[in-house]
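Here's a quick look at one structure, with a few spots picked out along the chain. Have it open while you read.

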Amino acid sequence: MTDATYNTEALTAAPKGIARAAELLAAGQLVAFPTETVYGLGADATNGAAVAAIYATKGRPSFNPLIAHVADVAAAQTLVQWNEWAEAMAAAFWPGPLTLVLPLRPDHPVSPLVTAGLDTLAVRVPAKACARDLLAAVARPIAAPSANPSGRISPTTAGHVRAGLGGKIAAILDDGPCGVGVESTILGLAGDAPVLLRPGGLAAEDIEAALGCPLAERNAADPLTAPGQLQSHYAPNASVRLAARDFAPGEVSLGFGPGAFDLNLSPSGDLNEAAANLFGYLHQLDAMERPIAAAPVPEHGLGIAINDRLRRAAAPRDS
């Protein structure tokens, strides 16, 4: 997907444009769309290859948790384990610039690349009407970080998106400038107390007033607030051996490229496919309760992120 040069479609927020954007998303393409905060680079959150293309297209070789955008509370409840805090926050602030982080439901359909292998999901109902119309039309959760190349200023107009990603994505859905202009506030509701994980478009004071209690202090070691920061955060229970070119008796093998392996991230050597498979395959191999030996993966493009996660999986951990 990322090697293609697109004639990026310019879609308006009329029913025809929204229907076309939904069609492209359902087909695994990337579509930028507006919310009240910033324009997001959307992909079907249930399609691992589409989610992997977000990282490659942004030029950001780092698998951080993404926000799943949904049309309404009912859609969110099919993905995460709801609680009283979530009920209160949704009643007060959804649709709006507030993202809630909650434990995943066991039967959720979301790609593990969206959660970066965590057992929680960040979910939001955006306030912009065309965004909710798009989400309702596609009828799937849409993962969407800001629609800009990595390191660039977040986009608040369709023109910003086209300047950064034109020719790299299938379409841009244009509904004018974003009203809020900064990313959503992220609130963690998966622990013993609500935690402000990221300040944003909704003031912490307003959240505290609605909750009737102060927010817990941000924990720098929290895997969502600092995704990828914990050295062994991605570690399975089994030991992991890196850059394996042969395999010892009793090991299970994680391959890349041609060869015979227990599981192969991409037999054709496609880094996009490998990224989409990484977390799920590590879970499957870990369930075999044997040491894991991982074949080499090229250190470029999404291979940088894959190798980063494999190194963290192999890192020494506390006993």
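Strand S9 (residues 185-188) and strand S10 (residues 195-198) run antiparallel, with three bridges joining them. Strands here are DSSP runs of E, at least two residues long, numbered from the N terminus, and two strands pair if DSSP finds at least two bridges between them. Glycine 188 has valine 195 in S10 as its bridge partner. Together S9 and S10 make a hairpin, with six residues between them.

A word on where this comes from: it's a predicted model, where local features need pLDDT of at least 70, side-chain atom pairs count only at pLDDT 80 or more, and totals for chains, interfaces and linings use all residues. Residues are numbered from 1 along each chain as its sequence is written, and side-chain values use heavy atoms, leaving out hydrogens and water.

Now the cysteines. With a disulfide taken as a pair of cysteine sulfur atoms within 2.5 Å, the count is zero. For cysteine 130, the closest cysteine sulfur is in cysteine 178, 9.1 Å away, so that's too far for a bond.

Next, aspartate 175, which sits in the loop between strand S8 (171-174) and S9. Leaving aside residues up to four places away in sequence, aspartate 175 touches Ala13, Pro34, Tyr39, Lys128 and Cys130; contact means heavy atoms within 4.5 Å. Its C-alpha lies 12 Å from that of proline 15, 160 residues apart along the chain.

The table uses relative accessible area: buried is under 20%, exposed over 50%, partly exposed in between (1.4 Å probe, protein chains only).

| Residue | Relative accessible area | Class |
|---|---|---|
| Cysteine 130 | 4% | buried |
| Cysteine 213 | 29% | partly exposed |
| Aspartate 175 | 31% | partly exposed |

Methods:
Helix = DSSP H or I, 4+ residues; strand = E, 2+ residues; numbered from the N terminus.
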